[in-house]
Amino acid sequence: MSRFDGKVALITGATSGIGRATARAFAREGASVVVADVAADGNCETARLIEQAGGQALAVTCDVTRAEDIRAALDAAVERFGRLDIAFNNAGIEQAIKPTHEITDDEWDRLVAINLRGVFIAMKYEVELMLDRGGGAIVNTSSGAGVKGFAGNAAYAATKHGVIGLTKSAALDYADQGIRISTRSAPGSSTPR
Ligand SMILES: NC(=O)c1ccc[n+]([C@@H]2O[C@H](COP(=O)([O-])OP(=O)(O)OC[C@H]3O[C@@H](n4cnc5c(N)ncnc54)[C@H](O)[C@@H]3O)[C@@H](O)[C@H]2O)c1
């Protein structure tokens, strides 16, 4: 009996790095995995690697800045696997290292749209599904830059601080309804990723 047998997990930002590793780990532990990412090829490759290892996976192309994409990914997860138990809202981008006054409005808006609003929108619809089912678990990816400042990284840090505030409050909203919501910040990274 594996730890996540019978569970269904959705991971955003799963074509590489932390997301792909987490998707494969969930599958190794018995979960059916839905990977959602804007980079379609890498996303399909993550699903292929999981299936090649004997796991169950579904790849859905999803831009977390688009609410309709997130809804479609969740609908596809329920259609294929019948439920959603776990969500890992991990998709994120870095910023170009520069002093705050040089950050362009577009750079700011894009970082906020992906790293913060993307987590909010995903969590909103995941919670709806989990409320219907009577519970679940959500993990949102913050960063070391979510707990302290980093020179040259003000916009990125602002989004990751925001993820922590969003997570702490949402955790209180749903604690008594069986939905656990938490966040992680990367251990030991000297650069503010
Ligand atoms: N690697 C680190 O040391 C580190 C440290 C702290 C926090 N983080 C955070 O961890 C998360 C994963 O980072 P990583 O290092 O694995 O980076 P990565 O670049 O390998 O992964 C990021 C993933 O997000 C996807 N993505 C980007 N924009 C998207 C969008 N609009 N919609 C859907 N998917 C999108 C990318 O395609 C990619 O698959 C990010 O949120 C990052 O900020 C990473």
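The structure is a predicted model, in which local features need pLDDT of at least 70 and side-chain atom pairs count only at pLDDT 80 or more, while totals for chains, interfaces and linings use all residues. Residues are numbered from 1 along each chain as its sequence is written, and side-chain values use heavy atoms, with hydrogens and water left out. Helices (H or I, at least four residues) and strands (E, at least two) are DSSP runs, numbered from the N terminus. Because 6 of the 6 residues of S2 are buried, this strand is largely enclosed by the rest of the structure.

S2 belongs to an open sheet of 6 strands with parallel pairing, arranged in the order S3-S2-S1-S4-S5-S6; two strands are taken to pair if DSSP finds at least two bridges between them. Strands of a sheet pair through backbone hydrogen bonds, either parallel or antiparallel. The edge positions are held by strand S3 (56–61) and strand S6 (179–184), each of which pairs on one side only. From one strand to the next, the twist averages 15 degrees. S1 and S2 run parallel and are joined by 5 bridges, with Leu10 standing opposite Val34 in S2. S5 and S6 also run parallel, and 6 bridges join them; here Ala137 stands opposite Arg180 in S6.

Two helices pack on the sheet. H3 touches strand S1 (8–12), strand S2 (32–37) and S3, and its direction makes about 155 degrees with that of S3. H5 touches S5 and S6, and its direction makes about 165 degrees with that of S6. Contact means heavy atoms within 4.5 Å; axes are lines fitted to C-alpha atoms, for helices over the stretch in contact, and angles run from 0 to 180 degrees between N-to-C directions.

Helix-helix packing was examined next. Two packed helices are described by the angle between their axes and the distance between the axes. Helix H3 (residues 67–81) packs against helix H4 (residues 105–133) at an angle of about 35 degrees, the axes being 10 Å apart. H3 passes H4 in a right-handed crossing, a crossing being right-handed if the near helix is turned clockwise from the far one by less than a right angle, and left-handed if anticlockwise. The contact involves Ala67, Ile70, Arg71, Leu74 and Val78 of H3 together with Gly118, Ile121, Ala122, Tyr125, Glu126, Glu128 and Leu129 of H4. These residues divide into 8 nonpolar, 1 polar and 3 charged, where Ala, Val, Leu, Ile, Met, Phe, Trp, Tyr, Cys and Pro count as nonpolar, Asp, Glu, Lys and Arg as charged, and the others, Gly among them, as polar.

H4 also packs with helix H5 (residues 154–174), at an angle of about 15 degrees and with axes 9 Å apart. The two helices are therefore roughly parallel to each other, since angles under 35 degrees count as roughly parallel, over 145 as roughly antiparallel, 65 to 115 as roughly perpendicular and the rest as oblique. H4 passes H5 in a right-handed crossing. Among the residues that make the contact are Trp108, Leu111, Phe120 and Met123 of H4 and Tyr156, Val163, Leu166 and Tyr174 of H5. By class, the contact of H4 with H5 has 16 nonpolar, 3 polar and 1 charged residues.

Ile138 lies in strand S5 (residues 136–141) and counts as buried at 1% relative accessibility. Beyond its neighbours within four places in sequence, Ile138 is in contact with residues including Met123, Val127 and Met130, as well as Ile179 and Ile181. The C-alpha atoms of Ile138 and Lys148, 10 residues apart along the chain, are separated by 23 Å. Asn140, likewise placed in strand S5, is buried with a relative accessible area of 0%. Its contacts, leaving aside neighbours within four places in sequence, include Asn89, Val119, Met123, Val163 and Thr167.

Gly146 is found in the loop between S5 and H5 and counts as buried at 5% relative accessibility. Gly146 touches Lys160, His161 and Ile164, residues up to four places away in sequence not being counted. Gly146 and Gly162, 16 residues apart in sequence, are 7.4 Å apart in space, C-alpha to C-alpha.

Technical notes: Buried means under 20% relative accessible area, exposed over 50%, partly exposed in between (1.4 Å probe, protein chains only).
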